[in-house]
Amino acid sequence: MSKFTEVLKNRDFFLLWIGQIISQLGDRLSQMALIALVYTKSPGSTLGIAKILSFTLIPVFLIGPIAGVYVDRWDRRRIMYISDLLRATLVLCIAVLLINKNLGWVYLIIFIIFSIGRFFVPAKMAIIPDLVDKKHLLMANSLVNTTGMIAAVLGFGVSGIVVEKLGAQGGFYLDTLSFLVSGSCIFLIAKKTMSLASLKKVSREAVEEFRKSVLEDLKEGLLYFFKEKKLRFTAAIIFSLWAALGAVYVVIIVFIQQILHSATKDLGLLIMFMGIGLFSGSLVYGKFGQQVSHYKIIFTSLILSGIMLIIFGLGINRYPYFAVAAALSFILGIFISPIMIATNTIIHKVSANHMMGKIFSSLEIVIHLGFLSFMFLSSLLVERFKISHLSIIITVGIVIVLLGTANLITRKSLRDNFVLS
């Protein structure tokens, strides 16, 4: 604790830390306000939620690779506070448009907001070495990641309750305030990372840098990604997991709204309990997971997660009580967390260090492609073919169990081909 206190005595880092916590809370408010917006406009519409959420994810494909290049070239502090100021203005515009019932521009504004966010996130992580001494770097990263996760988890619970009480419009007003406070904290950071002259120079070279740095790096990363067998296999597992998450994401949102009769309050609290489960599972796996093969952990966790997803759907359908749903959400989070940790560890082990950034950029595309595709597929199955939400949840759970079981049975041959430890 004394080491954390020592790091927080650094004024610039303290302002960054406070700003990112407030920013995390604001992000959760945005998500819950968007869900509430769909709920008030089209209650029970899975396709409506899928449509609005797609505008928050598409920037990952279009803006993410570009943002990563320029964050390393621009003043990161300036990127962050300008991003917050712009997002505050745009979120306020959404709240005003809701008053006038003019929702035609909302989707475009959401896209722009989350495009700006693709610059903020890497800038936040990249600025830390500029603010703290090298000896405090590990502690600073630990503090940012841990408190960020806690803020995100608790933020879902708080924002769900707030938006339920104040409505989508009230949620957007509070989100505007959170961006203004976060931006003010970042603005007060004294240390600058790049001069304005350098910023103007980079701007003049933007088109050329895009052609050389972004497109060539992305091409190189994708070629390396598909060339390496271990990466391809691990990417297939990650794609399958995120495809499953996408298939049940909007379906579960509407399922919970209908079962528990709440737009955002219970949903936010259930996500919070799942987040606590993810955090708890990460701690347990971090302490004891080194003794077990990463692949065995992944396949076993897939089986347990699939079974738990089926139990979750059947359980709250039979016993529609918040306490039951919260307990099941917590357990589901515990079972899912080792999959994420183990897959990232495998990628770190099998990847060349100089290709790491490009690989994770490629992986972001794989993840969100799987999520988006199956999110719309499941939404269409519910809306157009009238398949029940529970049927989708159970089917996805069965597929996950079968996937984990099939791979676990063939684990011996996989271990012979992919020796990792």
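Is the crossing of α11 and α13 left-handed or right-handed? The crossing is left-handed, a term used if the near helix is turned anticlockwise from the far one by less than a right angle, with right-handed used if clockwise.

The model is predicted; local features need pLDDT of at least 70, side-chain atom pairs count only at pLDDT 80 or more, and totals for chains, interfaces and linings use all residues. Residues are numbered from 1 along each chain as its sequence is written, and side-chain values use heavy atoms, with hydrogens and water left out.

1. Packing of α11 on α13. The axes of these two helices come within 12 Å and cross at roughly 10°; axes are lines fitted to C-alpha atoms, for helices over the stretch in contact, and angles run from 0 to 180 degrees between N-to-C directions. The angle therefore makes α11 roughly parallel to α13 (under 35 degrees; over 145 is roughly antiparallel, 65 to 115 roughly perpendicular and the rest oblique). Helices are DSSP runs of H or I with at least four residues, numbered from the N terminus.

2. Residues of that contact. Among those on the α11 side are Phe 233, Ile 237, Leu 241, Ile 252 and Phe 255, and the α13 side includes Ile 298, Phe 299, Leu 302, Phe 312 and Asn 317 (contact means heavy atoms within 4.5 Å). By class, the contact of α11 with α13 has 15 nonpolar, 3 polar and 1 charged residues. Here Ala, Val, Leu, Ile, Met, Phe, Trp, Tyr, Cys and Pro count as nonpolar, Asp, Glu, Lys and Arg as charged, and the others, Gly among them, as polar.

3. Asn 317. This residue of helix α13 counts as partly exposed because its relative accessibility is 39% (buried is under 20% relative accessible area, exposed over 50%, partly exposed in between, with a 1.4 Å probe and protein chains only). Beyond its neighbours within four places in sequence, Asn 317 touches Phe 255, Ile 259 and Leu 390.

4. His 294. Helix α13 (residues 294–318) also holds His 294, which at 7% relative accessibility counts as buried. The side chains of His 294 and Tyr 285 are joined by a polar contact of 3.2 Å (a pair of N or O atoms within 3.5 Å; within protein, one must be able to donate a hydrogen and the other to accept it, and residues adjacent in sequence count only if both atoms are side-chain atoms). Outside four places in sequence, the contacts of His 294 are Tyr 285, Ala 342, Thr 345, Ile 346 and Lys 349.

5. Packing of α3 on α11. Helix α3 (residues 46–62) and helix α11 (residues 229–260) have axes that come within 9 Å and cross at roughly 130°, which means that α3 is oblique to α11. This crossing is right-handed. Thr 46, Ile 49, Ala 50 and Leu 53 of α3 meet Tyr 249, Val 250, Val 251, Ile 253 and Val 254 of α11, a contact with 8 nonpolar, 1 polar and no charged residues.

6. Backbone points to check. Most residues other than glycine have a negative phi. His 261 has a positive phi of about 55° and is found in the loop between α11 and α12 (265–288). Lys 386, in the loop between α15 (356–383) and α16 (389–409), has a positive phi near 60°. His 261 counts as exposed at 67% relative accessibility, and Lys 386 counts as exposed at 67%.
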